[in-house]
Amino acid sequence: MIVDTFGRVHTYLRISLTDNCNLRCFYCMPEEDYTFTPASRLMQPNEIETLAKIFVTNGVDKIRLTGGEPLVRKDAKDIISALGLLPASLTLTTNATRLHEFADVLQAAGVRSLNISLDTLQAEKFTMLTRRDQFRQVRDNIDLMLGRGFHVKVNAVVMKGINDMEINDFIRWTRDAPVHVRFIEFMPFSGNRWNSNKVVTMQEILATVQQQYEITPLTGDQHDTAKAYSISGHPGTFAIISTMSAPFCSGCNRMRLTADGKLKNCLFSREETDLLTPLRRGDDVLPLVLQNIGSKKKELGGQFTTDFEHLHPENIDNRSMITIGG
Ligand code: SAM
Ligand code: SF4
């Protein structure tokens with residue numbers, strides 16, 4: 001078992017396959033001419049499989065592939081197929097632009113649930129936010145995966161003055177389709193133009209929804225990062241990920257492996273442990289994993305508190321989101 005000093009058992013591993021992406025969401029990728037990590041410095045498929053097996057042997061029962069955009073990696077199909085054979089549930093966070101090429105391989109690998117990012121239901125705004133004209137492809141692919149019976153969660157980062165006026169449009173979508181919308185509070189990362197005025201808090205999101213709908217809280221489990229709600233007559237649900245205003249660190253069971261093989265014990269951790277170099281040398285990496293998780297801070301990587309209104313993002317020491325793997 002992989003346990004930290006607060007008794008939190010770590011059973012969930014998020015693996016970033018690449019820091020490359022075919023979209024340019026401004027809050028995630030710091031600049032247009034960002035230099036992606038060269039392939040030689042990325043974990044290779046056999047290295048990902050070896051590391052994943054070490055984690056699974058030590059209690060991990062859920063693996064999520066992420067990025068960057070995991071599906072832009074040329075060998076993504078091989079990686080998905082290999083990890084699908086491990087005794088852990090496999091899932092994916094994706095921008096959905098390439099899902100039509102991967103539906104079969106995901107199904108064959110036993111993937112049943114997908115997290116898909118979509119911050120707006122308006123085509124023009126999508127192009128503005130992501131700097132790519134891919135809205136139609138994303139919407140079609142969501143319908144494709146719903147048609148194939150996948151459980152689809154839609155992640156929307158809510159930002160004041162940008163897409164907060166669409167909150168109830170997303171809620172209407174949960175009436176028309178079995179989509180599970182998750183509103184995410186906007187988080188600060190290196191170079192992502194965050195400021196506290198752009199954060200729309202859980203309370204504000206709830207108040208907006210309650211202006212038009214009667215909502216019922218759903219019971220979750222202790223590891224949930226989202227508080228979920230249902231609305232009578234809607235096949236879908238909605239949830240809020242309140243990292244900024246009400247973090248859920250006490251039930252945290254997550255570890256993150258970056259595409260270049262560094263272990264991060266928190267989205268906001270300063271410290272990283274290189275697993276790839278020792279693995280390539282033939283060393284045993286398990287002691288490094290235990291040491292890294294053993295040094296996990298109680299909350300938010302020890303870098304800030306929930307008083308985000310007074311937060312100075314320049315004082316947070318971290319990678320950009322695209323290089324962590326959200
Ligand atoms: N490319 C894939 C995608 O977009 O789903 C996977 C990687 S992306 C980094 C994972 C998630 O992180 C996305 O849902 C994205 O919206 C979220 N994200 C990125 N930057 C964020 C920020 N500053 N605050 C909150 N969520 C963020
Ligand atoms: Fe790419 Fe996902 Fe980041 Fe958007 S949020 S730039 S799709 S990695």
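Me: What volume does the second largest pocket have?

Reply: Please keep in mind that this is a predicted model. The second largest pocket has a volume of about 230 Å³.

Me: Which residues line the second largest pocket?

Reply: The lining includes Thr 18, Asn 20, Phe 36, Thr 37, Pro 38 and Ala 39. Leu 42, Gln 44, Val 72, Arg 73, Lys 74 and Asp 75 also belong to the lining.

Me: Which residues come nearest to ligand 2?

Reply: Of the seven residues around ligand 2, those that come nearest are Cys 21, Cys 25, Cys 28, Gly 68 and Asn 95. The shell around ligand 2 holds five nonpolar residues, two polar ones and no charged residue.

Me: I now turn to the sheet. In what order do the twelve strands of the open sheet stand?

Reply: The general idea is that strands of a sheet pair through backbone hydrogen bonds, either parallel or antiparallel. Here the order of the open sheet is β7-β8-β9-β6-β5-β4-β3-β2-β1-β10-β11-β12, and the pairing is mixed. At the edges stand β7 (215-217) and β12 (273-274), each of which pairs on one side only.

Me: In which sense do β5 and β6 pair, parallel or antiparallel?

Reply: Strand β5 (residues 151-158) and strand β6 (residues 179-185) pair in the parallel sense, over seven bridges. As an example of a bridge, Asn 155 has Arg 182 in β6 as its partner.

Me: How many bridges join β1 to β2?

Reply: Five bridges join these two strands, which run parallel. Leu 13, for instance, stands opposite Ile 63 in β2. Strand β2 also pairs with β3 in the parallel sense, over four bridges. There, Lys 62 stands opposite Ser 89 in β3.

Me: Why is β2 described as largely enclosed by the rest of the structure?

Reply: Four of the five residues of β2 are buried, and therefore the strand is largely enclosed by the rest of the structure. A residue counts as buried when its relative accessible area is under 20%. Arg 64, which lies in strand β2 (residues 62-66), has 2% relative accessibility and so counts as buried.

Me: Is Arg 14 buried or exposed?

Reply: Arg 14 is buried, because its relative accessible area is 9%. The residue belongs to strand β1 (residues 12-16). The side chain of Arg 14 makes a polar contact with the side chain of Tyr 12, at 3.1 Å. Although Arg 64 and Arg 14 are 50 residues apart along the chain, their C-alpha atoms are separated by 4.6 Å.

Me: Where does Arg 131 lie?

Reply: Arg 131 is found in the loop between α4 (123-130) and α5 (135-147). Its phi is also positive, at about 55°, although Arg 131 is not a glycine. With a relative accessible area of 30%, Arg 131 is partly exposed.

Terms used
Residues are numbered from 1 along each chain as its sequence is written. Chains are lettered from A and ligands numbered from 1 in the order in which they are written. This is a predicted model: local features need pLDDT of at least 70, side-chain atom pairs count only at pLDDT 80 or more; totals for chains, interfaces and linings use all residues. Side-chain values use heavy atoms; hydrogens and water are left out. A residue is near a molecule or strand if one of its heavy atoms lies within 4 Å of it. Ala, Val, Leu, Ile, Met, Phe, Trp, Tyr, Cys and Pro count as nonpolar, Asp, Glu, Lys and Arg as charged, and the others, Gly among them, as polar. On a 1 Å grid over the protein atoms alone, a cavity is a set of points where a 1.4 Å probe fits but cannot get out, and a pocket is an open set with protein on both sides within 12 Å along at least five of seven lines; lining residues have an atom within 4 Å of a point. Grid points are joined across faces, edges and corners, and a volume is the space filled by probe spheres set on the points. Buried means under 20% relative accessible area, exposed over 50%, partly exposed in between (1.4 Å probe, protein chains only). A polar contact is a pair of N or O atoms within 3.5 Å; within protein, one must be able to donate a hydrogen and the other to accept it, and residues adjacent in sequence count only if both atoms are side-chain atoms. Two strands pair if DSSP finds at least two bridges between them.
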